[in-house]
Amino acid sequence: MCDKMIVGILGCGAIANLIVQNVNSDNTNIKIKYFYDRDCERAENLASIAGGIAVYKLEDMLDKVDLVLEAASQESVRKSALKIIESGTDMITMSVGALMDEDLREVLSNAAKKYNTTIYAPSGAVSGIDGIKAASVTGIDSITLTTRKSPKSLGREITEEEILFEGKASEAVKEFPMNINVAASLSLASDMDINVKIIVDPKVSRNVHEVEVKGSFGQLKTTTMNFPCTANPKTSMLAALSAIKLLRSLDEHLIIGT
């Protein structure tokens, strides 16, 4: 990459702040310069920190950036992703749960092919995505995700462990749109609607994701114990870090992993 890659941010909350602090201080050819949020003050504040420009309509940045990083919500993906892709702009989406909607995913995929753009989904707050993608080549029999979260991260006050959800990822992302994007990441990586159990547990202070995968390749088990972002306990630090690493990889010439 010879020229600077100019990045715009859609959604200027906790994840965006962490990404900006790390990426703009890197010695890379990537510059996060434009900022949009429905809350204009948040966009202005982050733009001020980054030495960038706040815009008051998403469309105002699309002809000025090479890539838009969405860190807002599933609703923002549904509302804005097609507009971004049709402008010929690449996109990173943090709200991966929106892509569990097969109709939306097909529309966006077809548009990306038509306009020669790419939609990136970081691995997020869970480990083992590369292994699952590799295992899917010969087929996976089952994937189970068990997530434990603190009451604080879910805005609850309880004293006993409680199972909040048990079912498929496609339903989990609808019921917990801000908390379980990892289920969508695992489902999309494996091309299957995985099994999900969500437990609120007053004994844990981290977001814990246990994944078990079985298939013709063998068996894979991972446990990820994430510290939450200090600015937003609903968000795991690793989710933001995965986006930072993805952005950095766009400026790298040696890529490790699938």
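User: Glad to be looking at this one with you! What covers the buried residues of α8?

Analyst: A word on the model: it is predicted, so local features need pLDDT of at least 70 and side-chain atom pairs pLDDT 80 or more, while totals for chains, interfaces and linings use all residues. Residues are numbered from 1 along each chain as its sequence is written, and side-chain values use heavy atoms, without hydrogens or water. Helices (H or I, at least four residues) and strands (E, at least two) are DSSP runs numbered from the N terminus, and contact means heavy atoms within 4.5 Å. The cover of α8 includes α4 (74-86), α6 (129-135), β7 (140-149), α7 (169-175), β9 (195-200) and β10 (207-215).

User: How many residues of helix α8 are buried?

Analyst: Buried means under 20% relative accessible area, exposed over 50%, and partly exposed in between (1.4 Å probe, protein chains only). Asn181, Val182 and Leu186 are among the buried residues of α8. Helix α8 spans residues 181-190, and its buried count is 9 of 10.

User: Which residues touch the most other members of the largest nonpolar core?

Analyst: A nonpolar core is a set of buried Ala, Val, Leu, Ile, Met, Phe, Trp, Tyr and Cys residues joined through side-chain atoms within 4.5 Å. The largest one has 60 residues, and those touching the most other members are Phe35, Leu69, Ile180 and Val196.  Apart from it lies another core of 21 residues, including Tyr34 and Leu108. So back to the names you asked for: Phe35, Leu69, Ile180 and Val196.

User: Where do Glu161 and Arg148 lie, the two that meet in a salt bridge?

Analyst: A salt bridge is a side-chain nitrogen of Lys or Arg within 4 Å of a carboxyl oxygen of Asp or Glu, and for Glu161 and Arg148 the N to O distance is 3.0 Å. The pair ties together parts 13 residues apart in sequence, because Glu161 is in the loop between β7 and β8 (162-168) and Arg148 is in strand β7.

User: What is the nearest side chain of opposite charge to Asp90?

Analyst: Asp90 is found in strand β5 (residues 90-93). Lys and Arg count as positive and Asp and Glu as negative, with His and the chain ends not counted. Asp90 is buried and has no salt bridge; 15 Å away is the nearest side chain of opposite charge, Lys113.
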